[in-house]
Amino acid sequence: MCGHFNRYLHVDLSTKSWSTFSLSDDVLEKYIGGKGVGAYLLAQHQDPKAEPFDAPNPLLFVVGPLTGTKAPSMRSLVVFQSPVTRLLTDSHFGGHFGQQVKSAGYDGLLITGSATSPSLLEIDDDHIAIKDAGHLWGMNTYESYDQLRPDYPEKEWRIACIGPAGENRVNFAVIDCDPHRQAGRGGGGAVMGAKNLKAIVVRGTKKVEIADPDLFRKYLKGTLADMKDNDYIVGFRVGGTAASIPWADEEGLLPTRNFQRGSFEHAAELGDAAQREKYWDKDVACATCPIACTKLGSLKEGRFAGMAGDSLEYESAAMLGANLEIGKTDEAICLGLTCDLLGLDTISAGAVLSFACEAVEKGLLEADLCFGDLDSLAAMLGDISTRQGVGDLLADGVRAAAAKIGAGSDSFAIHVKGLELPAWGPRGVPGMALAYMTADRGGCHQRAFPILYEAGGETWKGQSYERLSLDGKAQLLVEIQNRLAGLDTFVTCDFARYGITDEAYLDLLAAGAGRRIDLDELYQVGERIWNLTRLFNLKAGMTKEHEDLPRRFKDEPLPDGPAAGHRFSESDLQRLLADYYVARGWDENGVPTQERLKVLEVDYPAQ
Ligand code: SF4
């Protein structure tokens with residue numbers, strides 16, 4: 001098969017050794033690449049019951065069959081068992097790292113073991129070296145890039161690194177890339193830190209073989225033409241994802257004050273227009289992306305004049321702005337840049353800080369911290385990243401912090417299965433609530449985003465969905481989850497998918513990799529991945545009881561927006577979950593049946 005090298009690099013940091021391996025045609029046919037191959041390899045190499053930071057645990061970087069070609073908007077993927085949820089977690093990131101991994105001749109990196117001292121992994125085509133990184137330990141991400149760039153210039157080399165949060169095993173530490181791109185969710189940075197691995201640098205010279213170059217060019221031209229005038233794509237190009245702030249605010253979906261409310265009086269200060277005026281300097285694209293939704297800039301005036309870096313995309317603006325009642329553009333940007341420097345996930349950081357602010361207000365936690373106060377919030381991010389004082393408690397995430405604080409604080413700890421929720425309040429959108437409850441990696445909006453059909457006026461297969469109704473939401477969700485898991489085998493960008501049809505991806509796969517599959521096969525690959533991941537998560541201890549919403553969304557009616565007054569009853573949630581298990585062909589406890597596994601040809605890989 002073209003597209004793939006079918007060559008994976010295994011580096012064992014404990015023994016300082018490396019080797020390459022291949023996968024069988026059967027595995028590649030069943031899992032394609034990206035999320036599929038990553039889930040397969042993790043299931044093969046990870047004991048789901050192991051402690052999160054045990055040295056043998058793998059950290060995987062995986063790409064797709066079109067990575068390294070000119071197919072649009074290909075990104076990168078890291079797969080690991082999350083230290084915060086214990087679930088199989090795939091975390092996607094932009095930039096150019098995956099392209100260089102492919103150029104070096106690999107479809108993935110399997111990193112196991114733990115170095116005895118801070119180390120750097122250098123991959124230069126077939127030349128592998130594990131080098132001392134003691135001089136980088138303790139540096140923030142930007143300082144690390146500055147130190148590395150003289151030896152690894154950007155023109156040839158791509159870098160992924162961790163900040164102090166990863167070094168100190170903060171459960172929501174990111175892996176930063178390039179810079180300005182992060183594998184944000186689930187604590188991949190902490191896994192990397194536990195391996196004493198400060199950075200990976202990679203470059204390569206190999207070319208991906210295209211099965212039918214003329215046909216590939218033809219399909220590529222058509223795909224780019226379709227993207228050009230697509231309204232969603234134009235929206236992402238012009239305003240980035242922060243352009244969604246006003247809409248989320250109007251719809252009562254914008255988390256405000258630790259998800260107590262769904263709209264924020266200063267929302268406009270967090271949106272794309274305000275950021276463009278006060279911060280943005282230029283658009284930046286990931287590899288092969290014609291959209292360039294990333295905006296870099298610097299603050300032009302005021303207390304933080306000169307602070308520079310990535311802008312706030314929607315999730316960061318909402319979680320570090322509205323959810324913390326930070327209503328000034330420069331202050332929200334300051335918090336975002338602080339997270340980037342320290343190597344913290346902005347979503348979880350916003351959720352953890354808002355939880356702590358509420359705990360302080362309720363007299364359950366002693367800390368110098370309150371909603372809307374930039375200085376105390378920024379200082380706490382620093383304490384979290386180095387695990388100082390209360391920061392140590394918060395560094396494990398809201399679920400663990402609430403368990404330690406007790407006194408009913410779990411009622412406002414906003415997470416599902418341990419992963420803090422992203423910036424879309426679920427009250428008033430039952431399909432989204434079910435998406436959070438059932439997402440493979442915990443509270444996540446990227447495994448399915450039914451809000452589009454519940455509140456966004458979009459139709460799914462020609463069908464509309466009544467916003468507050470439970471009817472049909474489980475079946476809708478299963479179809480979306482299977483579709484997106486299938487597309488995640490390509491490691492494509494979520495945003496680009498708004499302007500690229502699934503058929504176009506399959507045409508590019510056929511011409512690029514020489515493998516023609518149809519839509520049903522793609523979605524069945526997605527379902528196969530979903531079931532394999534489910535088996536891993538069940539072995540890791542996940543049960544039906546974990547598929548629940550935070551109590552806030554059951555006890556407290558939403559105070560604002562078109563769905564004001566809505567909250568979930570236990571029977572609503574049980575009905576949604578029961579419908580979902582039926583739609584998935586699982587038993588009443590959410591366990592895949594042998595019949596379904598047989599149809600899907602899912603065999604748990606031997607370890
Ligand atoms: S749309 Fe944005 S995040 Fe996606 S690939 Fe393009 S630049 Fe990267």
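How many nonpolar, polar and charged residues are in the lining of the second largest pocket? By class, seven are nonpolar, four polar and six charged.

Keep in mind that this is a predicted model, where local features need pLDDT of at least 70, side-chain atom pairs count only at pLDDT 80 or more, and totals for chains, interfaces and linings use all residues. Residues are numbered from 1 along each chain as its sequence is written, and side-chain values use heavy atoms, with hydrogens and water left out.

That pocket has a volume of about 290 Å³. Its lining counts 17 residues, and Arg149, Glu154, Asp178, Pro179 and His180 lie nearest the centre. Helix 4 (141–148) and strand 14 (294–298) each give two or more residues to this lining, with helix 4 providing the largest share, three residues.

Now for the ligand. The space it takes is the largest cavity. Around the ligand sit Ser73, Arg75, Arg181, Ala285, Cys286, Cys289, Ile291, Ala292, Cys293, Cys493 and Phe495 (a heavy atom within 4 Å counts as near).

Here are the two sites by residue class:

The shell around the ligand takes at least three residues from each of domain 1 (8–203) and domain 2 (241–420). The pocket lining likewise draws at least three from each of domain 1 and domain 2.

On terms: on a 1 Å grid over the protein atoms alone, a 1.4 Å probe fits in a cavity but cannot get out, while a pocket is an open set with protein on both sides within 12 Å along at least five of seven lines, and lining residues have an atom within 4 Å of a point.

How values were computed
A molecule sits in a cavity or pocket if more than half of its atoms lie within 2 Å of its grid points. Domain bounds come from an automatic or database domain assignment. Grid points are joined across faces, edges and corners, and a volume is the space filled by probe spheres set on the points. Helices (H or I, at least four residues) and strands (E, at least two) are DSSP runs, numbered from the N terminus. Ala, Val, Leu, Ile, Met, Phe, Trp, Tyr, Cys and Pro count as nonpolar, Asp, Glu, Lys and Arg as charged, and the others, Gly among them, as polar.
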